Amino acid sequence: MDIQPESVARSAANPNSTRSEARSSVKYVHSITVASLRSLQTNIESSIPLDLLKRRRELVDIAPKVTTVPYFGSFIEMLGLEKKYQKFVDSHTNLFNGVAKFAPSIVNGKVVVSDEVPTDGRRPNYVAAAGPVNTQQEKRLVNCFKELLLAMNDITMNLDGCKGHYKYIDCQTTALAKSDHKPDLAFVHREEFSRDIGAVHMILEAKTGHYPDLLKWQDYGQILDYSLAMWQTQVTRKFVPILFLHGASLSLFIFFRDMHLRTELGEVFHNDCSEFDTGFEMMNKALTSLHFLLALSSSEFGHVCDFTAMPPFLCFAPCIATADTDIGMLNRHGKQAKTEVASGPEESVLATISARVPLTGRVAYIVKGKFNGKDAVLKLSWTATTRLPENAIYEILERNGIKGIPKLFKNGLLVEDFYGYRLEFIIMEDCGPTFSNALKQLNTGSKHLVPKVVGSVIRQVTSCLVNAFAAGIAHRDVSDGNAAVMINFRTGAVNARVIDWGYAKDMNCDSDESKETGRRWRYDSEKVGAAEKPHDPFTGTQKFMSASTLFGSNYRFAITDIESMFYVVLNALRSVYKHPDRGDDPEAFRFHNRYETTGHIRVSCMAREKLWLRDFGINRERVPPGLLNTLLTMRQMFFFDNGRYIGYEVSEEPEYKCTIDEKLASVFMDPEIVKLLVEDNPVASLAQPTPMRTSSHVKKHVKPLHAKRCKRTASAGASGRDTSKGLRSARKKTRGAASSQHKSGPA
């Protein structure tokens, strides 16, 4: 249930009031400190439209990551390009003095162009570029900047080692292809024929105002949107550069995975508002720095490889380690080694699978294609160096003979450490569509096979998860996208795979085997294990999290991942047995800003004996009896203890440990897996890096705060009565919690 702040609801009812309040509350983002953004959280949330609230929240989350680098040379040094930059500057002294001589002036936010028309072809004709005086000021500024770029190109086009690699596109009136974005200028690769967002190397955004320290938060949000679009469409990105022309000054924003930088190139136009005249020398230096960026190749500035060499195959030069090869260390600046991940038409990758890419934190790209004639998937992952590499997880799983995981063809590290993040790659077998998509395909012509397929998938996935847990690996992100299924549509035979172990935890991180794995994959297993200690417990996908995880439990059991699989099954069955009224947007699967809200809604839905399947979007009457019995058994397994409903107890005591009923578990799991689950089930603790082992028969006795409610629920469940009071109670909790700050997202 989405709750609107009262003041926002009033504004929505009065549009004129909304616009006037928004105009009266213009706020700025400070590029050095976080104070101005944090103040937004408390004093203007109620005065801005709802579509801007989301952007403001993103800015508040990102603010601590913004750092100002005072000198452009210091930034270049961070990229390991200081020697090349110094050589470039020394070789091209005073190269652009002629370009700067006739540059416009910025006076009171207006572009003022000299009437003197240059006769030297190397000097820009700003008068013609700016257009009539009544032209919009921002457009005049961009037009003059374009003329400046053309003049710079005329000067450098015949100079060795100085020619720019990029052309610009004016997008002020027409959005970039395959996007809705209209940046003022987009720099694209000369070798690329497409002019869409996926071919953009760098973007320029222009404003006539001058923002040396402060930036309107709406403008900064727009810059973030450009950065996110480039992260989403360019799988080889190492960082995203955005140029910001504000008045006479040119700034550069750089977006790493977990750090955002701002540095100043200097003034590229005359600024009559300055206390002193920067002069041609300083303007020439700023233009030289700009052209240096435009003369860098994509592999040197922004990408992990030569971006223009991508079609028709991906060729990654800086591969530094594979599972069976040690080819030397890579320094933090990412210098190249001599091993290729993929080259030639026999190892081509053809199509990128679309997925949500966050602006910060871990990100993974999935590309489908062929590898040595076999259907394959290439996965590229940027992961914090404080987290476990997914390649290491697969090595541990393969060493322990765990079945139900994808077969790997090739894997390794591309970047070991780029300011706190590593880039790893995996080329694996194509394991088929997601579980829900597989059932959709089955529903079109072989619907009678659905119960058999669902039962087989549950058994195979639970066997993989429990065996992995016994080997010391907790998956922690079981979701529909991470359960891949291949189905024989004639016989109903199933081959299920559990994929994406990027959020997994090694519970034996202090063992000798884990330390050896860490040395092979360039991480300290003990430090990575200890780094889990301060993380919040919300690792995974909210829609499929177990109830205890939603309520903040610091412990993960094998049964926790199996409960997530239960929700994966319910979500997939909506495509086959969809409820006519609730199937599209079921309450139990609805997204909420707070994890606890989702948890309260879910346990209340589960308490509704006759209606819980409807709350998950499933028409109970259409489900075959055998499959219905499996679903009822799974619900009984996760939410009842000795016949008593425990959903509300879990909400008050997330680490409540329920007895595992072997008889119930054997209905949908293999008997030997049930035995392993009960007798040899370790605990994945986020609070303690060293794993502890407990008996699942030992129940943690907690006096429930909702004892009377639980008693009513259990008796109502036995008699078949509906317990809708629980859902109303959860809605009250939602209203009470809507105003408080929600916990952070997945770790």
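**Confidence**

The protein chain has a mean pLDDT of 75. Of its residues, 70% reach 70 or more. Where pLDDT is low, predicted coordinates should not be read in detail.

**Helix 9**

Helix 9 runs over residues 137-156. From first to last C-alpha, its 20 residues reach 29 Å, close to the 28 Å expected at 1.5 Å a residue. The helix is mostly covered, with 14 of its 20 residues buried.

**Strand 18 and its partners**

Strand 18 spans residues 421-429. It is mostly covered: 8 of its 9 residues are buried. Strand 16 and strand 17 each pair with strand 18, as tabulated here.

| Partner of strand 18 | Residues | Sense | Bridges |
|---|---|---|---|
| Strand 16 | 374-384 | antiparallel | 9 bridges |
| Strand 17 | 408-415 | antiparallel | 6 bridges |

Individual bridges can be named. Ala-376 has Glu-429 of strand 18 as its bridge partner. Strand 17 and strand 18 form a hairpin with 5 residues between the strands. In that hairpin, Tyr-419 takes a positive phi near 50°.

**Ile-254**

Ile-254 lies in strand 10, residues 249-255. Its relative accessibility is 0%, so Ile-254 counts as buried. Beyond its neighbours within four places in sequence, Ile-254 contacts Phe-75, Phe-239, Val-240, Pro-241, Met-259, His-260, Leu-261 and Phe-301. Pro-241 is 13 residues from Ile-254 in sequence. In space, the two C-alpha atoms are 4.6 Å apart.

**Ser-479**

Ser-479 sits in a loop, between strand 19 (473-474) and strand 20 (483-487). Leaving aside neighbours within four places in sequence, Ser-479 is in contact with Thr-541, Phe-544 and Val-568.

Methods
Residues numbered from 1 in each chain as written. Predicted model: local features only at pLDDT ≥ 70, side-chain atom pairs only at ≥ 80, totals over all residues. Heavy atoms only, no water. Buried < 20%, exposed > 50% of the residue type's maximum accessible area, 1.4 Å probe, protein only. Helix = DSSP H or I, 4+ residues; strand = E, 2+ residues; numbered from the N terminus. Pairing = 2+ DSSP bridges. Contact = heavy atoms within 4.5 Å. pLDDT = per-residue confidence, 0-100. Expected span 1.5 Å × (residues − 1).
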